Amino acid sequence: MPIIVHLDEVLARRRMSLTELSEAVDITLANLSILKTGKAKAVRFSTLEAICDVLECQPGEILSYRPDDRPGS
Amino acid sequence: MRKREGLIWGASVIVRIACISNRLFLLAVAIGLAATWILAGFFGRLLAEPNPEVNLPAAMTGIRLLMLIGIAMAVATDRLLVPLAKIIATARAGDPFILANAQRLQAIGWALLALQLLDIPCALLARFWPSLGSAAPSGDVSVGGWIATLMVFVLSRVFAVGSVMRDELAGTV
């Protein structure tokens with residue numbers, strides 16, 4: 001997946017755990033874990049908004065695009 | 001919620017009973033069809049008893065054709081009830097919106113179509129086989145049956161699209 005999730009880095013900068021973020025944004029720890037590990041297929045704008053609001057960051061700090069090097073992708 | 005669970009449980013029981021009854025009917029008709037050759041004399045007497053002037057060979061052929069249609073109908077009904085039982089099982093398990101159920105609905109649609117088409121030989125027998133007498137099937141065409149067939153095919157498509165949409169949503173955070 002060429003979309004890279006940097007949630008752990010932003011969380012580390014804010015010295016916040018995933019559990020604390022889960023409580024703050026009212027999203028289950030399981031779903032946040034899916035997002036953090038890059039296993040999510042899609043992210044709702046409302047989720048992104050809540051995370052950015054709590055972590056005081058921009059969406060671009062959480063997500064980045066890295067083109068896949070695999071042939072045919 | 002409990003009422004809905006009761007409804008699904010009831011449907012499950014009804015479909016299971018219908019499935020067993022239909023298979024017993026299929027077995028009985030298959031045995032009956034074989035018996036028209038093995039016990040031809042007995043069947044001949046049975047047909048001649050109410051109407052001694054009956055054309056016996058024609059009546060016997062008519063009865064055999066009727067039994068063949070009965071077997072085809074029982075097979076089509078089985079093809080309808082088995083996927084229906086599986087759909088009900090997924091509903092009981094709480095996860096009916098899956099692609100497999102769309103395919104099962106399509107199978108039910110084909111079975112319904114077969115049953116509707118089997119009305120045609122029934123109508124032909126009723127119209128052109130007078131020797132069958134009171135045993136002749138009613139040659140009616142069921143408009144409701146055709147609408148139900150169409151509806152099941154449309155529902156199958158709705159299920160297919162819905163299950164793909166649900167799969168897409170499954171990985172959404």
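A word on conventions before we start. Residues count from 1 along each chain as its sequence is written, while chains are lettered from A and ligands numbered from 1 in the order in which they are written. Since the model is predicted, local features need pLDDT of at least 70 and side-chain atom pairs count only at pLDDT 80 or more, whereas totals for chains, interfaces and linings use all residues.

Let's begin with confidence. The model has an ipTM of 0.72 and a pTM of 0.73. Chain B has an average pLDDT of 89, with 95% of the residues at 70 or above; pLDDT is the predictor's confidence in each residue, from 0 to 100. Within chain B, helix H4(B) has the highest mean, 96, and helix H2 (residues 40–48) of chain B the lowest, 83.

Now to chain A. Its secondary structure consists of five helices and two strands, where helices (H or I, at least four residues) and strands (E, at least two) are DSSP runs, numbered from the N terminus. Their order along the sequence is β-α-α-α-α-α-β. The C-alpha trace of chain A spans about 40 × 20 × 20 Å along its principal axes.

From UniProt, an unreviewed entry, we get the annotation "domain: HTH cro/C1-type" for residues 7–62 of chain A. UniProt positions are in the numbering used here, feature names are shortened, and annotations may be inferred rather than shown by experiment. In the model, that span is 68% helix and 0% strand, and its end C-alpha atoms are 5 Å apart.

How do H2 and H4 of chain A pack? Helix H2 (residues 18–25) of chain A meets helix H4 (residues 45–55) of chain A at an angle of about 115°, and their axes are 10 Å apart. The axes are lines fitted to C-alpha atoms, for helices over the stretch in contact, with angles from 0 to 180 degrees between N-to-C directions. H2(A) and H4(A) are therefore roughly perpendicular; the scheme is under 35 degrees for roughly parallel, over 145 for roughly antiparallel, 65 to 115 for roughly perpendicular, and oblique for the rest. The crossing of H2(A) and H4(A) is right-handed, meaning the near helix is turned clockwise from the far one by less than a right angle, with anticlockwise being left-handed.

On the H2(A) side the contact involves A:Leu21, A:Ala24 and A:Val25, and on the H4(A) side A:Ala50, A:Ile51 and A:Val54. Contact here requires C-beta atoms, placed from the backbone, within 7 Å. By class, that contact has six nonpolar residues, no polar ones and no charged ones. Ala, Val, Leu, Ile, Met, Phe, Trp, Tyr, Cys and Pro are nonpolar, Asp, Glu, Lys and Arg are charged, and the others, Gly among them, are polar.

On to chain B. The unreviewed UniProt entry lists "transmembrane region" for residues 24–44, 56–76, 107–129 and 141–160 of chain B. Residues 24–44 of chain B are 95% helix and 0% strand, with end C-alpha atoms 25 Å apart. For residues 56–76 of chain B, the figures are 100% helix, 0% strand and 30 Å.

Helix H3 (residues 56–93) of chain B has two packing partners to show you. With helix H4 (residues 99–117) of chain B, the axes come within 9 Å and cross at roughly 155°, which makes H3(B) roughly antiparallel to H4(B). That crossing is left-handed.

With helix H5 (residues 119–128) of chain B, H3(B) packs at about 165°, axes 10 Å apart, so H3(B) is roughly antiparallel to H5(B). B:Gly62, B:Leu65, B:Leu66 and B:Ile69 of H3(B) meet B:Pro121, B:Cys122 and B:Leu125 of H5(B). Thanks, everyone!

Technical notes. Two residues are in contact if their C-beta atoms, placed from the backbone, lie within 7 Å.
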